[in-house]
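Biologist: Hi, could you walk me through this model?

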Amino acid sequence: MERSDVVARDKRYVWHPYTAMDEYIARTDPLVVVDAEGPYLRDADGTRYLDANGSWWVSTLGHRHPRLVRALVEQAGRFPHASLAGVTHEPAALLAEELAALAPGAGRADVPEAARLSRVFYSDNGSTAVEVAIKMAAQYWAQNGRPQRTRFITLSGAFHGETIGATSVGGVEVFRDVFGPLLFDVVHVPSPAEPSGWERAFAQVESALREHPDEIAAVIVEPLIQGAAGMQMYAPAFLRAVREATRAVDTFLIADEVFTGLGRTGARFACDLADVVPDLLCLAKALSGGILPFGATLATERIFTGFGGGPERALYYGHSYCGNPLGSAVAREVLAVYRDEDVLGQVARKAPRVRAAFERMAETIPGVTRPRALGMVGAVDLGGGGYLARAGWRVYEAARRRGLYLRPLGDTVYVAPALNIPDAALEELLGGVEESLREVARGSS
């Protein structure tokens, strides 16, 4: 099929995510991807693009990693699906064991058995991984002596997914305000990434916990990086302080590591950088290496045992594809590749180059501000217009002309490439971002 035919059918029938469709149909010339390998996408017109965001943060090992493709094909040749309703299979059982062994706190003598993240509940994606964590926390308290604990503390700028529960605990206004009448009540506190510092945000978390200890089911956070808010970063000290505050009133901490988990920040989990063990931990995106949708929620032994004692106390929640054998097999291979290819070591070597590049951009390009970086994430701002601002999209167009697929977050320009991106490709990416920012700055002066 000709490229123009694909675009015509797309604009006639497809409703795209996070897209003003009138503008898209009238003016957008989309990439038409026909091939992808490593850090690159290839358009139907033959142009090759460096994928600066891992295709929405999922391809942390690059596209079409041969070991992941092989694991997918081999499992599909055995059986592609079986439910986990009274059934089990080797890929799901082994993956759960491996995740429990990798989780924050695993193997530490100072972490009590009840506080270990030793149970794994599977789902389809990041939103559902968060949704089940919310339900686990609420149901645990409902049937274990604290039924009035129905509220959650969440951060301004938080993004936890698209289901109604996940939207309720979100804090990006443009994503949640229209659904306000459908959402449950939460306690919003300032973002710890705000210029006033994390101490102000923590003071409000602590105050809410102290004043309403019998109402709060959990505090939910994106550890260290609030992705959709514009790659807003905050100090590990905030996460440690929140963990201690939740312990003081004996309530839960939910760590949404859908974006940050599995090496993005330079550690296996962002929680590890704060030396924090949450009660619930949500994973997706990198977990299946961009091969197919897959998610998991890790829970402590304490939470798991709170659902025993009779069928009426069970967690009546699930998805048809929970623990899908294809996803489980691929996820196991993802973890194996991390070990065999020293992916965390690669991040440690590359992260200083990402940080230095973004600091240089802010120092030398007019209008570029607030450089920040953690692990393989680097970002700068072009203004304060928020998610709907357009400055970043001018950089997107300039980058596309240079063979980069660079999707901004409003006025925030960022990179979050594959963790194993080759050195030469990383230099090409960082140099292309800098050139694109300079081009836009010249046009604005």
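**A chat about the model**

Modeller: Happy to: Ser 127 has its place in helix 6 (residues 126-142), where helices are DSSP runs of H or I with at least four residues, strands are runs of E with at least two, and both are numbered from the N terminus. This is a predicted model, where local features need pLDDT of at least 70, side-chain atom pairs count only at pLDDT 80 or more, and totals for chains, interfaces and linings use all residues. Residues are numbered from 1 along each chain as its sequence is written, and side-chain values use heavy atoms, with hydrogens and water left out.

Biologist: Is Ser 127 buried or exposed?

Modeller: Ser 127 counts as buried because its relative accessibility is 14%; buried means under 20% relative accessible area, exposed over 50%, and partly exposed in between (1.4 Å probe, protein chains only).

Biologist: Which residues does UniProt list for "binding site"?

Modeller: The unreviewed UniProt entry lists Gly 126, Ser 127, Asp 256, His 319 and Ser 320; its annotations may be inferred rather than shown by experiment. They do not all gather at one spot, because the farthest two C-alpha atoms are 22.5 Å apart.

Biologist: New topic: where does Leu 182 lie?

Modeller: Leu 182 is in the loop between helix 8 (173-176) and strand 6 (186-189). With 57% relative accessibility, Leu 182 counts as exposed.

Biologist: And what is the strand order in the open sheet?

Modeller: Its three strands run in the order 13-14-16, with antiparallel pairing; two strands pair if DSSP finds at least two bridges between them. The edge strands, pairing on one side only, are strand 13 (369-374) and strand 16 (412-415).

Biologist: What stands opposite Thr 369?

Modeller: That's Asp 381, in strand 14.
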